[in-house]
Amino acid sequence: MADPRIHPQTLCVHAGTSGEESGALVPPIYQTSSFRFESTAHGAALFAGEQDGYIYTRMGNPTVAAMENAVAALEQGHKSLGCASGMAAINTVFSGLLSASDHVVCSRVVYGPTATLLSRIYKKYGVTTSFVNTADSKEVIHALTPKTRMVFLESPGNPTIDLADIKEITQAAHAGGAVVVVDNTFLSPYFQKPLLLGADIVVHSLTKFLNGHADVIGGIIVVKDEDRYQVLRKVLNQTGGVIDPFNSFLVHRGIKTLSVRMEQHARNATAVARFLENHPGVTWVRYPGLKSHPQYDLGQTQHSGPGGVMAFELKGGYRAGEALLNRVTLCNLAVSLGGVETLIQHPASMTHASLGREERKAAGVTDGLVRLSVGIENCDDIIADLLQALEQV
Ligand code: LCS
């Protein structure tokens with residue numbers, strides 16, 4: 001675990017070495033499928049786990065290891081596992097830790113495919129899931145049964161920006177023997193460290209803030225203990241959803257500027273959220289940095305910054321939202337979030353379309369909800385773009 005006295009800004013720049021010995025300041029890209037053995041005895045010892053070393057990139061690679069070590073350090077975790085995407089990370093956790101007849105309690109507000117992975121795919125294998133409002137810890141506690149093996153939280157949740165009380169929910173889940181997995185994609189370890197709040201596992205879509213430049217698909221699992229690391233490592237190696245060396249290199253490079261990017265995302269998003277909240281065409285804005293967020297006080301206790309993503313709805317509902325999305329010019333009409341450029345999208349027809357209308361309604365994903373991921377441009381330019389688009393709505 002990283003020395004807790006080292007400041008997060010310093011960790012972003014320095015965390016993560018692979019132990020390779022060329023002296024290169026930046027870990028090189030080991031673009032290789034295999035690693036040569038010195039002898040048959042050496043190869044056999046590596047396969048038997050009697051000696052440390054690299055065998056085959058699906059089973060480990062120094063460039064990937066350097067990035068994994070950086071994210072584990074930032075999350076104050078034990079070790080991490082780089083995956084091909086955020087969904088590959090989530091699927092690895094589910095397939096490694098769930099068995100037929102297990103029960104899962106999951107946030108009702110999660111990225112669409114996370115919900116459908118449980119409700120459609122894992123359901124086929126005999127896993128049942130209760131989707132609850134995790135903004136209300138009592139609902140989570142009420143949903144726990146003797147068969148509950150996992151509680152899965154997204155805080156803030158995608159796309160309604162609801163928060164979950166990670167500490168309170170973890171205490172209840174642990175009392176019943178369930179593991180707590182937190183998707184920390186929206187705030188990144190720079191603003192929130194779920195493992196320090198008691199959670200057992202953190203997952204990320206590296207595609208978002210950690211890489212930060214909208215040019216990589218990747219995911220990661222961070223764990224607190226060696227036993228769970230070994231279980232998940234074997235599942236990942238066998239199912240094969242690993243990240244490749246070049247994407248790991250890009251993510252690791254992105255992490256070096258995570259602190260400055262996150263500070264700018266939060267500064268800009270706070271200004272944009274205040275602007276939207278005061279605009280007569282806007283019904284509501286949900287952003288953890290606004291005092292009007294119903295869980296503003298909880299946020300102050302569990303994260304150190306509000307991040308860069310918000311949801312809002314216009315007075316004219318879906319039609320007005322559609323008009324806005326078609327009239328912005330600086331803000332890009334595109335899915336994903338957490339990159340340096342501002343992105344705007346419509347969850348009901350895009351990221352959360354895989355949920356049915358009823359599931360979306362239960363999760364509060366209204367047809368008029370617009371999601372905005374505020375980038376690191378000058379915020380006056382972002383606001384000017386939104387203003388000109390709102391004037392035409
Ligand atoms: N977790 C969260 C909170 C996400 O927002 C996403 C993707 C994932 C996991 C999956 O990560 P991926 O496999 O894409 O790396 N969210 C997206 C979104 O809101 N728009 O496009 C992708």
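**Exercise 1.** Determine how many residue pairs are in polar contact between domain 1 and domain 2, and which helix gives the most to the side of domain 1 that touches domain 2.

*Solution.* Begin with the bounds, which an automatic or database domain assignment sets at 8-255 for domain 1 and 258-392 for domain 2. Next, count the pairs of N or O atoms within 3.5 Å, where within protein one must be able to donate a hydrogen and the other to accept it, and where residues adjacent in sequence count only if both atoms are side-chain atoms; between the two domains this gives 20 residue pairs, both residues at pLDDT 80 or more. Finally, turn to the helices (DSSP runs of H or I, at least four residues, numbered from the N terminus, as strands are runs of E, at least two): H5 gives the most, with six residues.

The model is predicted, so local features need pLDDT of at least 70 and side-chain atom pairs 80 or more, whereas totals for chains, interfaces and linings use all residues. Residues are numbered from 1 along each chain as its sequence is written, and side-chain values use heavy atoms, leaving out hydrogens and water.

**Exercise 2.** Find how many salt bridges cross the interface of domain 1 and domain 2.

*Solution.* Apply the rule, a side-chain nitrogen of Lys or Arg within 4 Å of a carboxyl oxygen of Asp or Glu, which finds two across this interface. Separately, check the side chains of Arg120 and Glu359, which meet in a salt bridge at 3.0 Å, N to O.

**Exercise 3.** State in which order the seven strands form the open sheet.

*Solution.* Taking strands as paired if DSSP finds at least two bridges between them, read the order as S1-S7-S6-S5-S4-S2-S3, with mixed pairing. The edge strands are then S1 (79-83) and S3 (128-132), each pairing on one side only.
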